[in-house]
Amino acid sequence: MNATWSRFNIVSIVLGFAFLYLPIVLLVIFSFNASKLVTVWGGFSTKWYVELFNNRGLMDAAWVTIRVGLISATIATVLGTLAALTLTRYTRFRGRVLFSGMVFAPLVMPEVITGLSLLLLFVAIGFDRGFMTVTLAHITFSMCFVAVVVQSRLVSFDRSLEEAAMDLGAPPVKTFFQITLPVIMPAIVSGWMLAFTLSIDDLVISSFTSGPGATTLPMKIYSQVRLGVTPEINAACTLLIAIVAIGVVVASLANKRREVQRLRDEQAAQRG
Amino acid sequence: MSEAVIDRENGAVAAAQGRSLAGRAVAAVVSRLVILVPYLWLLFFFLAPFVIVFKISLSQTAIAMPPYDPVLSLADGVSGLLEQLRQLSIDNYVWLTEDALYFNAYVSSVVIAAISTFLTLLVGYPIAYGMARAPASLRPMLLMLVILPFWTSFLIRVYAWIGILKPEGLLNQFLMALNIIDEPLIILNTHTAIFIGIVYSYLPFMILPLYSSLEKMDYSLIEAAKDLGCTPNGAFWKITFPLSLPGVIAGCMLVFIPAVGEFVIPDLLGGSQTLMIGKTLWNEFFANRDWPVSSAVAVILLLILIVPIMIFQSAQARAQEQER
């Protein structure tokens, strides 16, 4: 295989990753720029971070964003896992085609359509726009992403484990909590993280469904970006990137440790 | 054996059967709930809103809250509701066909999305191919590196390009420092900037399905073709590309469908001159506060996208069947 990994392959990968990462790296570098001019380097400084933390509006928006993200990701994970179970375990029930359509369509649906339709629903049922409506909207689109992530794990799941547990007399519900859930847990955790990042990143759907007092950080950033690029926004973006990067690294380390532990257990079981 | 023992045994069996019956009943209720809860949620928060959008697209603009008329209600009984239904009309759709602005916006959205999808395929294919042929030990890391940008905010990634592309931005500074150009290139606020933005933002969506179909491919087929005298180029077009077609289709749909309705990229990188339907809908809603017309715009956008969405769905379903 190594022999077929030609120079062309290596060059295209290196260029591709440079294209993917350079803009983000530049953004982070220029958040430490002392100069007010965003594209001219004026020396290292952290003053934009200080200013960021003194910016009441941005900080309030960040707090709203985090709360919406935590609540919506948690509920979306529960609903998404149930949807994934439905898709993989119950292959025959009335309306299955409609159900899988409703799970996959939000993945590609333009956000302006989802946002507008949810807003019109909230108005039609007389729901005041605000924190609640943004959270409900985020649950709805992120549960579908969770469903896809969990489903891909369930498809490769070895069902003989469940059958063994049930043959030994475990009722189905107990089997689920003692066998199935622990096995698909890594997928559920990454589903939660995906839902959380989708929620804290969302601009379009939040703009449609939010109301007074529920301005999220992307909405705040967007309204300032329209006025021009500022180092303060660079700093805010860098912090968001840092939070997500730390989360992803911690989760993948935890996953790896669990994997190592599992291998060790298996080896011990084979020896014993 | 005394009768009492037999009785007790029978009792135990009966109890066990009773328990398993109860267990089965609980399991039936639970499985019903597993299906119903997400089903009802999506019916209410995903499907029902589309019905409402369709209804409002047939309504008239009104200066009220909510700003459309009629507001369907049963306050006046069934006859009142029928009277309200009679007020619905297709005026907004007529309006959309009469104003060339909307037609042009739809056409240019589809064209821009199609060109960007093709460019994303051109950029993404060599990367996915390189990844699929990388040493197996490197692949998980390469995959992680492709997914990682997807975790950082879409808005931030688009925003990062403003600083790079603007006339006094980093790209022009770089090219002028190398004496490649004398005058700054005008890229920001043009279609080129939108293409760059879409290719950049959606690249992971293209690479991932391409990679998964290329990785599964049996490379001995190519060696066989070469042994039989096929040129590397010929082998690519006769074997590799056709075998990766499912990945190509999935990747293109994942880029094309959301790109048609894209709002953030044309708004931030395309400037005020660009006409794209997502932007038109946004302006109609937030600037003109015309809910019925923006609903009609959304309905037509959905109609345009329904064929690609169905292609995507069936590709998705087929992939799922294969894995099972």
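Let's start with two helices in chain B. Helix 8 (residues 191–215) of chain B packs against helix 11 (residues 245–260) of chain B at an angle of about 160°. Their axes are 7 Å apart. Keep in mind that this is a predicted model.

How do these two helices run relative to each other, parallel or antiparallel? The cut-off for roughly antiparallel is over 145 degrees. Helix 8 of chain B and helix 11 of chain B are therefore roughly antiparallel. The crossing of helix 8 of chain B with helix 11 of chain B is right-handed.

Now the residues that meet. From helix 8 of chain B, they include Ile198(B), Tyr202(B), Phe205(B), Met206(B) and Pro209(B). From helix 11 of chain B, they include Val248(B), Ala250(B), Gly251(B), Leu254(B) and Val255(B). By class, the residues of this contact are 13 nonpolar, four polar and no charged. An α-helix has 3.6 residues a turn, so residues three or four places apart point the same way.

Next, helix 13 of chain B, residues 277–286. Is this helix largely enclosed or open? Eight of its ten residues are buried, so the rest of the structure largely encloses helix 13 of chain B. Among the buried ones are Ile277(B), Leu281(B), Trp282(B) and Phe285(B). Lys279(B) and Glu284(B) are on that buried list too.

Now, where the chains meet. 78 residues of chain B are in contact with 65 residues of chain A. Which helix of chain B gives the most to that side? Helix 1 (residues 3–57) of chain B does, with 21 residues. By class, the side of chain B that touches chain A has 59 nonpolar, 14 polar and five charged residues.

Over to chain A. Chain A has eleven helices and zero strands. Its C-alpha atoms fill a box of roughly 70 × 60 × 35 Å along the principal axes. Chain A has 272 residues, and 42% of them count as buried. Take the contacts in chain A between residues at least 6 apart in sequence: 76% of these join residues at least 24 apart.

Last point: confidence. Chain B has a mean pLDDT of 83, and 89% of its residues reach 70 or more. Within chain B, confidence is highest in helix 4 (residues 100–132) of chain B, at a mean of 93. Confidence is lowest in helix 2 (residues 77–86) of chain B, at 72. Where pLDDT is low, the predicted coordinates should not be read in detail. For the complex, the predictor gives an ipTM of 0.83 and a pTM of 0.84.

Methods: Residues numbered from 1 in each chain as written. Chains lettered and ligands numbered in written order. Predicted model: local features only at pLDDT ≥ 70, side-chain atom pairs only at ≥ 80, totals over all residues. Buried ≥ 20, exposed ≤ 12 C-beta atoms within 10 Å, placed from the backbone. Helix = DSSP H or I, 4+ residues; strand = E, 2+ residues; numbered from the N terminus. Contact = placed C-beta atoms within 7 Å. Nonpolar A, V, L, I, M, F, W, Y, C, P; charged D, E, K, R; others polar. Axes fitted to C-alpha atoms, helices over the stretch in contact; angles between N-to-C directions. Parallel < 35°, antiparallel > 145°, perpendicular 65-115°, else oblique. Left-handed = near helix turned anticlockwise from the far one by under 90°. pLDDT = per-residue confidence, 0-100.
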